[in-house]
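Subject: Structure handover and notes

Hello,

Here is the structure I said I would pass on. Please look through the file first; my notes come after it.

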Amino acid sequence: MGGGGLTEPERVRRIYDRFAPHYERRGRWFKERYIVPLRELVIPRARGRVLELGIGNGETVPLYRPGQVDELVGVDVSGKMLAFAREKLSSRGIPFSLLQLPLEAVDFPRGSFDTVVSSLVMCGVDDQGEVFSRVRRWLRPGGEFLLIEHVRGRGAVSGALCDLLNPIQLRVAGCELNRNTFAVLARAGFEVEVLGESFFSIFRAAVARPPS
Ligand SMILES: C[S@@+](CC[C@H](N)C(=O)[O-])C[C@H]1O[C@@H](n2cnc3c(N)ncnc32)[C@H](O)[C@@H]1O
């Protein structure tokens, strides 16, 4: 349980419902410099039936290729963030459905998706290992898990700063700055290929493949 007796997803929902009207503009300079280039490395790989975890306001939507993506299923706990995603998707020419649910509450039959995407979401989920094992099950053979994530800095200073600022980030944004997400992903059995890094290697884009 999070603070005030709320479950973690409920706490996240409140935070992002509040952020939603400002999310696009907030930190735009930083996003364009350090995050958009990483999204551009991985999102255009998405193909077939695609699941995006924590799709938020749909900032990845312009990078999906109609014709290559047959269908997009987006999940997010915040209805206010999803309203912006819906607006972007409605003019994109990709069949879509959006589910307002905590990730912890969704499940799909084995092998439902060709691609699963997560952009800046695994920093906040309660149990990354559990989410990764479910993603493994949901992917079809040959499928890819595309991730953009911020993780604990590798350097002594950047690592220590991530630790120091973590409690503030957790309270304000509902996520953690000092996770080793890609190591957890590898422990969950994925073969991880990091395609790009930015901002002192804290932000990384990767394609992860379950063993064949
Ligand atoms: C930092 S935003 C990222 C949004 C978008 N993916 C992007 O790259 O800009 C995190 C998003 O994940 C959603 N989220 C976080 N934890 C979640 C959970 N447990 N279940 C469903 N959605 C969650 C939040 O509501 C928010 O929209």
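This is a predicted model: local features need pLDDT of at least 70, side-chain atom pairs count only at pLDDT 80 or more; totals for chains, interfaces and linings use all residues.

Ligand site

The ligand sits in the largest pocket. Around the ligand there are 19 residues, and the closest are Arg39, Gly54, Asp76, Leu103 and Ser119. Backbone atoms of several residues come within polar distance of ligand nitrogen atoms. For glycine 54, a backbone N or O atom is 2.8 Å from a nitrogen atom of the ligand. Leucine 103 likewise has a backbone N or O atom 2.8 Å from a ligand nitrogen. For valine 77, the distance between a polar backbone atom and a nitrogen atom of the ligand is 3.1 Å. Taken alone, the ligand exposes 590 Å², and 96% of that is buried by the protein.

Helix 1

Among the elements that contribute to the shell around the ligand, helix 1 (residues 8-23) gives the most, with three residues. Arginine 11 is part of helix 1. The side chain of arginine 11 makes a polar contact of 2.8 Å with the side chain of glutamate 8. Is arginine 11 buried or exposed? Arginine 11 counts as buried, because its relative accessibility is 15% and the limit for buried is under 20%.

Cysteines

How many disulfides does the model contain? The count is zero. A disulfide would need two cysteine sulfur atoms within 2.5 Å. For cysteine 123, the closest cysteine sulfur belongs to cysteine 175 and is 3.8 Å away, so the pair is too far apart for a bond. Cysteine 162 also has its closest cysteine sulfur in cysteine 175, but at 11 Å, which is again too far for a bond. As for accessibility, cysteine 123 is buried, at 3% relative accessibility. Cysteine 162 is buried as well, with a relative accessible area of 6%.

Loop between strand 6 and strand 7

Most residues other than glycine have a negative phi. Two residues in this part of the model are worth checking against that. Phenylalanine 200 has a positive phi, near 55°, and is not a glycine. Its place is in the loop between strand 6 (191-198) and strand 7 (203-209). Serine 201 is found in the loop between strand 6 and strand 7 too, and has a positive phi of about 65° without being a glycine. Which of the two classes, buried or exposed, applies to phenylalanine 200? Phenylalanine 200 is exposed, with a relative accessible area of 63%. Serine 201, by contrast, is buried, with a relative accessible area of 18%.

Glycine 111 lies in the loop between strand 3 (96-100) and strand 4 (113-119). At 22% relative accessibility, glycine 111 counts as partly exposed. Glycine 143 is 32 residues apart from glycine 111 along the chain, and their C-alpha atoms are separated by 8.8 Å. Glycine 143 lies in strand 5 (residues 139-150) and is buried, at 3% relative accessibility.

Regards

Methods: Residues are numbered from 1 along each chain as its sequence is written. Side-chain values use heavy atoms; hydrogens and water are left out. Buried means under 20% relative accessible area, exposed over 50%, partly exposed in between (1.4 Å probe, protein chains only). A residue is near a molecule or strand if one of its heavy atoms lies within 4 Å of it. A polar contact is a pair of N or O atoms within 3.5 Å; within protein, one must be able to donate a hydrogen and the other to accept it, and residues adjacent in sequence count only if both atoms are side-chain atoms. Accessible areas come from the Shrake-Rupley method with a 1.4 Å probe; for residues, only the protein chains shown count as cover. On a 1 Å grid over the protein atoms alone, a cavity is a set of points where a 1.4 Å probe fits but cannot get out, and a pocket is an open set with protein on both sides within 12 Å along at least five of seven lines; lining residues have an atom within 4 Å of a point. A molecule sits in a cavity or pocket if more than half of its atoms lie within 2 Å of its grid points. Helices (H or I, at least four residues) and strands (E, at least two) are DSSP runs, numbered from the N terminus.
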